[in-house]
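Please keep the sequence and the coordinates at hand while reading.

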Amino acid sequence: MKGKKLLGVALAATMSMSLLGACSSNNGNEPSNTGSNNGGTPTEGAATGGVDISKEAKLVYYLWGGEGVANKDILAEINKKLKADINATIEVKYIDWGDIATKYPLLFASGEKFDMSHASPGAQVSYYTLASQDALVDITDMLDTVAPKLKAAISETAWKGTMFNGRIYGVPSMYSEYTPAGYAYRSDLLKKYGMEEITSIEDMEKYMDNVVANESYPPINGNAADAQNMFRMLVDTTGMWLNAPGISFSELNLVTEGPENYKKVFHPAFTPEFEAWAVKMREWSDKGYWPKDILSSQVGANTNFQAANSAGYLTHAQDWIGKYGADNAAQPDAAPNFYTFAEANGKIKRKIGVENSTVISTNSANPERALMAIEKFMTDPSYYNLIQYGIEGRQYEIVDGVKKTPASFNQEKDGGGFAAWSLRTDEYNLPMDSENPVRKSLYEEWDKVAINDPYVGFSFDPKNVTTELAAISNVNMQLGNQLMLGKTSKDPVAAVAEYREDLKKAGIDKVIAEVEAQLANFEPIQ
C-alpha cells in the first residue's frame, strides 16, 4: 500500500503541535451558468477529454475545519451540477482544526481510499514529501487531456512551483495573498495610551505595559499555539533570517541568514539572538503579557479578543484581514490594526500557488474525474461561488460588486461553508463587506517590495532522518515551546543550554547536514 511509505513521516508529524490557523473568509463573484450543464445527466457512454463518464463516480474530498449546519445543503447543490456535467458527486469529510497535526499525516499513511485533499509545502507532511513518497497522482499528462482549461488558466511559473522531479502532482491556487505574521491590536487602547502605531517590538512592549497597568485583561490572552507565534516574531525581526526547510514550520524550524545564503541553514537555538529572545520571553511572561496557564488554555487569543478579554492576538495578515468583520462586530470601538513583524526588515514574502494546492490521492479510484471536478471549481464561477460562498440569497448576496450577508441570514440554520481556499482564484474574487478594506492598498504596497521565497520548488526528502525529526519534534514540544512562552522550570539561559544539548542528542546536526546536501544542486524558481 503506497500510503505506508509515509508512516515514518506521519509518526514524526503527529508529535508536532498544530499551529496552522484557518485562512480568512473567501470572496466571490456573480453566479454564472457558463460551461455548466444544469439539466439532466451526461449522455450514456459520454466521454469528456477521452474519459468515459458513463459510470457515476463518487468522490471523497478531505477539507480542514468543521461541518457547518448548512454544508449539506450547499453540497447538494454542488452535486446536482457535478452529476449533470461529469457524472460525479462529492462527499466532503472534515479534519477539525485541532486534529490536523495528527489526522492529516495519518490520512496518507493509513492507506485510506479518498480522492482529493488540501496540500502545502508547510503542512505537517509537506506537499513535496507526499509527491516523493508516491502518495499523490502525477497529473502532468492528465492536464492536457482531462483539464486543458485549468492548465491554461494557471501560469507557467505557478505550475513550476508544483513540480517534483519535473512532474506536476497538485493544482495550485490562483489567489494572491500575503501571510506574514504579526500582532493584531486595539487602536482605541493605543490612542488611550497616547500612542499612534506599533511598528517595532519596542512599541509593542510599550503597548503591552500599558495594557497590564490599565486593563483587566492581558495583552495576549491565548494558548500554547502562541509559542510558534513568538518564534515567528524572533525569525521575522532578526536580520534577513528566513524560514528554511527540514523541520516542520508548525514547530521551531530551521532558518537561513538570507535569500543569498539559502543553501546554508542552521537552527536559531544555537545563536545569541535566540538566547536573548528566551530571556525576553521570560520577562514578558513575568510581566503578565499572557496568562499563567497559557500552555494549558483551550481558548485562542482571537476568541478572547472578540470577547473583550484580550488586547490583541498573534496571527498572519490574511487571517487578520478576514477577521475584520467579526472583530468589528464583536468590538465596534476597537478599530483593530496590525503590526507585521517582517515589514521593517524588508522580508515580506510573496506566496505562490503551491502553498495552497489541491491534490489527488494515489488511492483514488477516479483520478480523472477528480481533476475534472477541480477544473470546474476553479474555472466555472457557478461552481466557484457554491464551494466558496454557498447558495446565493441564503449564505450571500452581491451588492454593487461586494459580497454581503443577506438580511435573512440566520447563523443557526444558514451558517456554513468550506475551507476550500486551495481552489480560490483572483479572477472570481470580490471584496466582502466583512473583509478589511485595507487589503487592496496593503497588498499593492507589499507587491512593490516583496521578495521571493528562495525555497519554492525545493522538496526535502526526510527518509534519511525520520528518527531524528521525530526526536526533535519531541524536544520542541517538551522544551522549545516552553522557552518561547517563558515557562521553563529553569532560568532561560540554563533552559536554552539544555535545549541545545537535547537538540544535539536528537540529531539536529544530521538533519542540517541532510538539508544542505539536498540543497546543494537546487536552484530557486525565477
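## Basis of the description

This is a predicted model, in which local features need pLDDT of at least 70 and side-chain atom pairs count only at pLDDT 80 or more, while totals for chains, interfaces and linings use all residues. Residues are numbered from 1 along each chain as its sequence is written, and side-chain values use heavy atoms, with hydrogens and water left out.

Helices (H or I, at least four residues) and strands (E, at least two) are DSSP runs, numbered from the N terminus. A residue is called buried under 20% relative accessible area, exposed over 50%, and partly exposed in between, with a 1.4 Å probe and protein chains only. Contact means heavy atoms within 4.5 Å.

## An enclosed helix

Helix α16 (residues 381–389) is largely enclosed by the rest of the structure, because nine of its nine residues are buried. These buried residues are P381, S382, Y383, Y384, N385, L386, I387, Q388 and Y389, and they pack against α2 (71–86), α15 (367–379) and β17 (402–404). After α16 comes G390, whose phi is positive, near 105 degrees.

## Two nonpolar cores

A nonpolar core is here a set of buried Ala, Val, Leu, Ile, Met, Phe, Trp, Tyr and Cys residues joined through side-chain atoms within 4.5 Å. The largest such core has 81 residues, of which Y183, M204, Y207, M230, F274 and W284 touch the most other members. Apart from it lies another core, of 42 residues, which includes V92, M142, A147 and L386. In soluble globular proteins, nonpolar side chains tend to be buried together.

For M230, leaving aside neighbours within four places in sequence, the contacts are I220, W277, M281, W284, W290, L314, M484 and L485.

## Helix α11 and its two partners

Axes are lines fitted to C-alpha atoms, for helices over the stretch in contact, and angles run from 0 to 180 degrees between N-to-C directions. Helix α9 (residues 201–214) packs with helix α11 (residues 272–287) at an angle of about 20 degrees, their axes being 11 Å apart. The two helices α9 and α11 are therefore roughly parallel, given that angles under 35 degrees count as roughly parallel, over 145 as roughly antiparallel, 65 to 115 as roughly perpendicular and the rest as oblique. The crossing of α9 and α11 is left-handed, a term used if the near helix is turned anticlockwise from the far one by less than a right angle, with right-handed used if clockwise. On the α9 side the contact is made by I201, M204, E205, M208, D209 and V212, and on the α11 side by W277, K280, W284 and K287. These residues divide into six nonpolar, no polar and four charged, where Ala, Val, Leu, Ile, Met, Phe, Trp, Tyr, Cys and Pro count as nonpolar, Asp, Glu, Lys and Arg as charged, and the others, Gly among them, as polar.

With helix α20 (residues 492–506), the axis of α11 comes within 9 Å and crosses at roughly 135 degrees, so α11 and α20 are oblique to each other. This crossing of α11 and α20 is right-handed. Here P272, F274, E275, A278, V279 and R282 of α11 meet P492, V493, V496, Y499 and R500 of α20, and the contact has eight nonpolar, no polar and three charged residues.

Most residues other than glycine have a negative phi, and most peptide bonds are trans. A335, in the loop between α14 (324–330) and β14 (336–340), has a positive phi, near 45 degrees, and is partly exposed at 41% relative accessibility. D400, in the loop between β16 (397–399) and β17, likewise has a positive phi, near 55 degrees, and is exposed, with a relative accessible area of 76%.

## Residues paired across the sequence

K487 lies in the loop between α19 (466–484) and α20 and, at 24% relative accessibility, counts as partly exposed. K487 and M281 are 206 residues apart in sequence, and their C-alpha atoms are 8.6 Å apart in space. Leaving aside neighbours within four places in sequence, K487 is in contact with S285, W290, P291, K292, I294, L295 and Q482.

P105, in helix α3 (residues 100–109), is buried at 1% relative accessibility, and its C-alpha atom is separated by 9.0 Å from that of A123, 18 residues apart along the chain.
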